[in-house]
Amino acid sequence: RSDKTLFFDPTLSISRGSEAGEDQKRNLKIKKQTNLNLTLVIDLDETLIHYPDEFLKENEYKLNLSKLEIRPYCFEFLKTMSKYYEIIIFTAANQTYADPIIDLIDKEKVVSYRLYRQHMSVYQSDSIKDLSILDRDLNKMIIIDNTPSNFKLQKENGIYIKTWKNDVKDDSLENLAKILIEIAKINPNDVRPYIKEIQEFSDSLYESTEEFSLHESFSLREHI
């Protein structure tokens, strides 16, 4: 895969009104690099990796990659998911910070596109990740993020994964992969009813004060 498929030229952040009217939308028009029907949008910080704040200089992103902490099963997760989904990493971080990290964790070059802070939208005074700008069928999209407010415009597409920092015994990605594979094998016309079942396993799914561990929802495999 050529390098140009791994990057997307930055655009200005997109301001969205409280109702997010159609006339306010601005699509990125990025072509799919795969024939796979489903798209998986994955957050970076505290979802796939953790970079300790103490190693970031004030107002600068000078990375020491030896200090980077990588969530267990991260490499396998990306590789396995790429067999079933188009993979897009969408981070709230800036590109200078994110690219060296993605270069490191995407050893198999399975990430089709990278989106950064400048691709985020403003909705009800919050910065969010608006999936509609990707110009994909929302029925076929899933976003994984440890910050539920990031996908609050499309809650029905979002799976909240618990925030990760340095727990070497964490198995959330490995467990999540099992659910995502089951969904992909079904290849439904709309993934959102399946996501809803995952969400309903925790009343605190969208509450920032509590954590939701995805492995608790694994009996869902019996239903999907």
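Guide: Start at Arg 192. Its relative accessible area is 21%, so Arg 192 is partly exposed, since buried would mean under 20%. Keep in mind that this is a predicted model.

Arg 192 has a charged partner. Its side chain meets that of Glu 156 in a salt bridge, at 3.8 Å from N to O. The cut-off for such a bridge is within 4 Å, so the pair counts. Arg 192 belongs to helix 4, while Glu 156 sits in the loop between strand 9 and strand 10 (158–160), so the bridge ties together parts 36 residues apart in sequence. Glu 156 has 35% relative accessibility, so this residue too is partly exposed.

That bridge belongs to a wider set. The structure holds ten salt bridges. Side chains of opposite charge can pair when their charged atoms come close.

Take Asp 43 and Lys 129 next. They form a salt bridge whose closest N and O atoms are 2.9 Å apart. This pair links distant parts of the chain. Asp 43 is in the loop between strand 2 and strand 3, and Lys 129 is in the loop between strand 8 (126–128) and strand 9, 86 residues apart. What of burial? Asp 43 has a relative accessible area of 5%, so it is buried. Lys 129 is buried as well, at 1%. Asp 145 joins in too: salt bridges with shared partners connect Asp 43, Lys 129 and Asp 145 into one network.

Another bridge pairs Asp 103 with Arg 114, at 2.8 Å from N to O. Asp 103 is in helix 2 and Arg 114 in strand 6 (residues 111–115), eleven residues apart. Asp 103 is partly exposed, with a relative accessible area of 37%. Arg 114 has 0% relative accessibility, so it counts as buried.

A search of the whole structure finds two aromatic pairs. In one, the rings of Tyr 51 and Phe 55 have centres 6.4 Å apart and planes at 65 degrees, so the pair is edge-to-face. The other, Tyr 51 with Tyr 97, is edge-to-face too, at 6.3 Å centre to centre and 80 degrees between the planes. Tyr 97 lies in helix 2, and Tyr 51 in the loop between strand 3 (49–50) and strand 4 (69–70), so this pair ties together parts 46 residues apart in sequence. Tyr 51, Phe 55 and Tyr 97 make up one aromatic cluster. Within it, Tyr 51 is buried at 2% relative accessible area, and Tyr 97 is buried at 4%. Phe 55, at 33%, counts as partly exposed.

Now the nonpolar packing. The largest nonpolar core has 39 residues, and those with the most contacts inside it are Leu 40, Leu 48, Phe 77, Tyr 85 and Ile 142. Helix 4, the helix of Arg 192, is among the elements that each supply at least two residues of this core. Helix 2 (95–105) and helix 3 (172–186) are also among them. Helix 3 gives the most, with eight residues.

Phe 77 shows the packing in detail. Leaving out residues up to four places away in sequence, Phe 77 touches Leu 40, Ile 42, Leu 48, Leu 173, Leu 176, Ala 177 and Leu 180. Apart from this core lies another, of 15 residues, including Ile 88, Leu 131, Leu 134 and Met 141.

Note on methods:
Residues numbered from 1 in each chain as written. Predicted model: local features only at pLDDT ≥ 70, side-chain atom pairs only at ≥ 80, totals over all residues. Heavy atoms only, no water. Core = buried A, V, L, I, M, F, W, Y, C linked by side-chain atoms within 4.5 Å. Buried < 20%, exposed > 50% of the residue type's maximum accessible area, 1.4 Å probe, protein only. Helix = DSSP H or I, 4+ residues; strand = E, 2+ residues; numbered from the N terminus. Contact = heavy atoms within 4.5 Å. Phe/Tyr/Trp six-rings, centres within 6.5 Å; stacked < 30°, edge-to-face > 60°.
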